[in-house]
Amino acid sequence: MTTEHVKCLIIGSGPAGYTAAIYAARANMNPVMYQGPQPGGQLTITTEVDNFPGYPDGVQGPQMMQDLENQARRFGSDIRYGMVTAVDFSGHPHKAIVDDQHEITADSVIISTGASAKWLGLPSEMRLNGRGVSACAVCDGFFFRGQDVAIVGAGDTAAEEASYLANLCRKVYMIVRRGEMRASRFMQQRVKTAPNIEILYNTETQEILGDDEVTGALVKNTSTGEETVLNVTGFFVAIGHKPNTDIFGEYIERDDSGYILTEKGSTRTNIPGVFACGDAQDNVYRQAITAAGTGCMAALDAERYLVTLEMQEQQLVH
């Protein structure tokens with residue numbers, strides 16, 4: 001196994017990772033980034049991005065990620081294909097194994113592995129992803145203004161996104177698998193009183209219809225067995241996200257859902273020298289702009305940590 005030492009290791013890409021790389025490179029931290037299994041993160045499977053500042057005419061998700069990567073490279077970030085498959089944060093420097101064959105030791109580590117949306121598992125769901133199927137109503141709801149849409153989910157996030165869509169769309173079908181919702185009473189009341197939200201209880205999605213874009217959804221009432229076609233042009237999945245943080249579980253404190261816990265007002269984790277940003281630690285906002293913001297914070301926190309570390313080492317020498 002080959003070995004290498006770096007000053008700053010960034011695990012994962014996306015808006016958080018690339019922004020961290022930009023700031024770290026400009027601070028002469030010589031960051032090395034491993035992009036992970038999906039270089040650029042979730043935005044690479046998103047079509048139009050209209051809500052990121054600086055793109056007045058909107059931008060395609062993959063193009064935006066390429067722009068961020070190019071900017072990080074311009075300042076000297078060493079961006080590599082590869083996946084960190086194991087870590088050891090028990091001592092210092094920290095250790096990471098890449099693709100089970102390359103060991104890296106690092107003075108500081110920035111985790112930006114993001115989160116993955118949970119999907120229903122339908123073939124049509126993947127085929128029409130970005131063509132009417134979305135896992136983020138706040139990101140993509142605007143494109144369905146005045147249209148009829150459906151959203152799957154029964155928790156607070158689903159209720160919140162259904163309410164958001166109700167302000168934009170003509171009609172919102174809320175597909176709930178059981179006979180009741182898991183959302184808080186307040187959020188349930190909010191969707192139940194919205195005039196253009198229709199809640200379909202005991203209902204499961206059988207198929208999303210359409211060749212090149214969503215034209216409808218085939219749903220089944222599990223109590224009666226009756227199948228119905230919903231004439232919708234947008235289909236939103238809001239059954240949760242899973243943070244990509246499993247490999248850090250032995251060392252990094254996480255909440256019950258797997259999101260990394262950071263000190264309030266910072267990106268510091270429970271391990272000195274290890275910082276977390278983006279959707280790996282954000283279970284509330286999950287937007288590209290907030291991810292980029294925490295990526296900036298992580299690089300600044302890492303820079304301060306490295307300065308302190310260097311000062312301590314100099315004192316030991318003298």
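Colleague: In what order do the strands of the open sheet of 3 strands stand, and is the pairing parallel or antiparallel?

Modeller: A word on the source: this is a predicted model. Now the general idea. Strands of a sheet pair through backbone hydrogen bonds, either parallel or antiparallel. Here the order is β14-β15-β16, and the pairing is antiparallel.

Colleague: Which strands stand at the edges there?

Modeller: β14 (203-209) and β16 (227-230). Each has a single partner strand, so one side of each lacks a neighbour in the sheet. From one strand to the next, the twist averages 25°.

Colleague: How many bridges join β14 to β15?

Modeller: 6 bridges, with β15 covering residues 216-221.

Colleague: On to the nonpolar cores. How many residues does the largest one have, and which have the most contacts inside it?

Modeller: General idea again. In soluble globular proteins, nonpolar side chains tend to be buried together. In this model the largest nonpolar core has 31 residues, and I10, M64 and I110 have the most contacts inside it. The elements giving two or more residues are β1 (2-11), α1, α2 (61-74) and α7. α7 gives the most, with 9 residues.

Colleague: What does I110 touch?

Modeller: Leave out residues up to four places away in sequence. Then I110 touches C8, L9, I10, I11, A20, F275, C277, A298, A299 and A302. Another core lies apart, with 24 residues, including C169, A194, I197 and A238.

Colleague: How do I read the packing of α1 and α7? At what angle do the axes cross?

Modeller: Start with the axes. Those of α1 (residues 14-26) and α7 (residues 288-317) come within 7 Å and cross at roughly 35°. The crossing is right-handed.

Colleague: Which residues meet there?

Modeller: From α1, P15, A16, T19, A20, Y23 and A24. From α7, A288, A291, A292, G295, C296, A299 and L300. By class, this contact has 11 nonpolar, 2 polar and no charged residues.

Note on methods:
Residues are numbered from 1 along each chain as its sequence is written. This is a predicted model: local features need pLDDT of at least 70, side-chain atom pairs count only at pLDDT 80 or more; totals for chains, interfaces and linings use all residues. Side-chain values use heavy atoms; hydrogens and water are left out. Axes are lines fitted to C-alpha atoms, for helices over the stretch in contact, and angles run from 0 to 180 degrees between N-to-C directions. Helices (H or I, at least four residues) and strands (E, at least two) are DSSP runs, numbered from the N terminus. A crossing is left-handed if the near helix is turned anticlockwise from the far one by less than a right angle, and right-handed if clockwise. Contact means heavy atoms within 4.5 Å. Ala, Val, Leu, Ile, Met, Phe, Trp, Tyr, Cys and Pro count as nonpolar, Asp, Glu, Lys and Arg as charged, and the others, Gly among them, as polar. A nonpolar core is a set of buried Ala, Val, Leu, Ile, Met, Phe, Trp, Tyr and Cys residues joined through side-chain atoms within 4.5 Å. Buried means under 20% relative accessible area, exposed over 50%, partly exposed in between (1.4 Å probe, protein chains only). Two strands pair if DSSP finds at least two bridges between them.
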